[in-house]
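Visitor: I would like to learn how to read a few features of a model. Please take them one at a time.

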Amino acid sequence: MQAATAYAHPNIALVKYWGKSDDELNIPATPSLAITLGDLRTTSHVEESASEVVVLDGEVVNDAKLERWLELVRKQYDLPLLHIESSSDFPASSGLASSASGFAALTVAISNAFDLGLSLEDQCDWARLGSGSAARSIHGGFVALEPEEDTCRVSQVLDASAWDLSIVIAITSDRAKTTGSTAGMTASRDASPFYDGWLRATMEAFDQCLVAVRDKDFDTLARIAEASCRQMHALMLSTEPALIYWNAATLNCIEAVTGMHEDGIKVFYTIDAGSHLKAVCEADAESHVSERLSGIEGVHSVITSRIGGPARILV
Ligand code: DP6
């Protein structure tokens with residue numbers, strides 16, 4: 001029986017992706033740059049089956065995004081019906097990007113189980129067709145994604161061991177987000193007066209971020225990443241009807257991180273399409289940041305992670 005298991009880590013963008021230039025090919029309108037969360041993972045097992053079954057975190061599901069992706073893969077490769085089991089060791093659907101690690105792990109598992117012989121570039125392409133951010137989870141460390149005409153260039157800027165940073169995630173809700181990323185970014189493109197300004201600002205931020213990461217310049221990276229996060233959420237807020245992902249605890253955490261930064265601690269925040277706050281800090285500040293965020297009103301729990309490596313095959 002042809003089968004394989006692979007895992008991938010989620011990633012968080014420091015320069016955010018929010019908007020597509022091509023919906024069909026799922027090409028982001030702007031470049032983005034992310035870090036890989038090595039202590040969190042999604043594991044995907046795939047095997048040939050008499051009927052197609054998808055089990056996500058222990059539940060049989062009909063996942064429209066996954067079904068559409070499998071259809072695309074089948075246009076190019078002769079795949080049998082599949083039994084897919086995918087599980088994450090972190091909360092899904094809440095801005096922690098389980099679709100990124102999920103599509104990355106699944107791409108690697110399918111490629112290995114059915115000997116598709118996908119190159120690293122092909123893996124990034126297939127992962128991206130599932131979810132834009134998934135292409136970044138194929139690589140590890142600091143990863144750049146740059147749109148090209150009908151594809152994207154995905155590359156590692158620094159490997160996981162090059163810069164000892166830590167990520168502290170403050171979980172501020174146990175509810176799934178109300179609007180998913182795909183629908184949300186389409187809405188922002190169609191119904192925010194700020195969309196063009198967002199695209200311009202993001203292109204500039206990406207170029208500056210590349211330099212800051214290569215130079216391991218924490219303070220510059222902190223400024224660029226926080227600005228990109230706030231600009232994305234300003235775009236979301238200016239979308240009609242508004243996309244509001246933050247809650248009171250998110251704002252409490254922003255205040256705490258800003259306070260720590262003012263006290264000289266090397267830490268900055270970023271927030272995706274959900275209410276959790278991710279604090280990125282120098283590794284020796286991790287326990288202080290973690291303790292501080294744990295004590296904030298509205299924070300349910302805190303998860304810490306170091307920067308991790310690429311998606312990998314297990315068996
Ligand atoms: C806020 O990659 O989930 O996390 O390509 O439509 O699947 P689709 O979107 P997705 O969007 C990620 C949005 C984000 C920012 C980011 O990761 O860059």
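Guide: Start with Trp 18, which counts as buried at 2% relative accessibility. Buried means under 20% relative accessible area, exposed over 50%, partly exposed in between, with a 1.4 Å probe and protein chains only. The model is predicted, so local features need pLDDT of at least 70 and side-chain atom pairs pLDDT 80 or more, while totals for chains, interfaces and linings use all residues. Residues are numbered from 1 along each chain as its sequence is written, and side-chain values use heavy atoms, leaving out hydrogens and water.

Visitor: How many aromatic pairs are found in the whole structure?

Guide: Rings of Phe, Tyr and Trp (its six-membered ring) pair if their centres lie within 6.5 Å; planes under 30 degrees apart are stacked, over 60 edge-to-face, and the rest tilted. Here the search finds six aromatic pairs. Trp 18 is in the loop between strand 2 and strand 3, and Tyr 245 in the loop between helix 6 and helix 7, so the pair ties together parts 227 residues apart in sequence. Helices (H or I, at least four residues) and strands (E, at least two) are DSSP runs, numbered from the N terminus. Tyr 245 is buried too, with a relative accessible area of 8%.

Visitor: At what angle are the ring planes of Trp 163 and Phe 218?

Guide: Their planes are at 90° and their centres 6.5 Å apart, so this pair is edge-to-face. Trp 163 lies in the loop between strand 11 and strand 12, Phe 218 in helix 6, 55 residues apart. Phe 142, Trp 163, Phe 218 and Phe 268 form one aromatic cluster.

Visitor: Which residues of helix 8 are buried?

Guide: An α-helix has 3.6 residues a turn, so residues three or four places apart point the same way. In helix 8 (residues 286–294), the buried residues are Glu 286, Val 289, Ser 290 and Leu 293. Seen down the axis of helix 8, they fall within an arc of 100° and so line one face; the arc is taken over directions from the helix axis to the C-beta atoms. They pack against strand 12, helix 7, strand 13, strand 14 and strand 15, where contact means heavy atoms within 4.5 Å.

Visitor: Where is Gly 274?

Guide: Gly 274 sits in the loop between strand 13 and strand 14. Its relative accessible area is 6%, so Gly 274 is buried. Gly 274 and Thr 179 are 95 residues apart in sequence and 9.1 Å apart in space, C-alpha to C-alpha.
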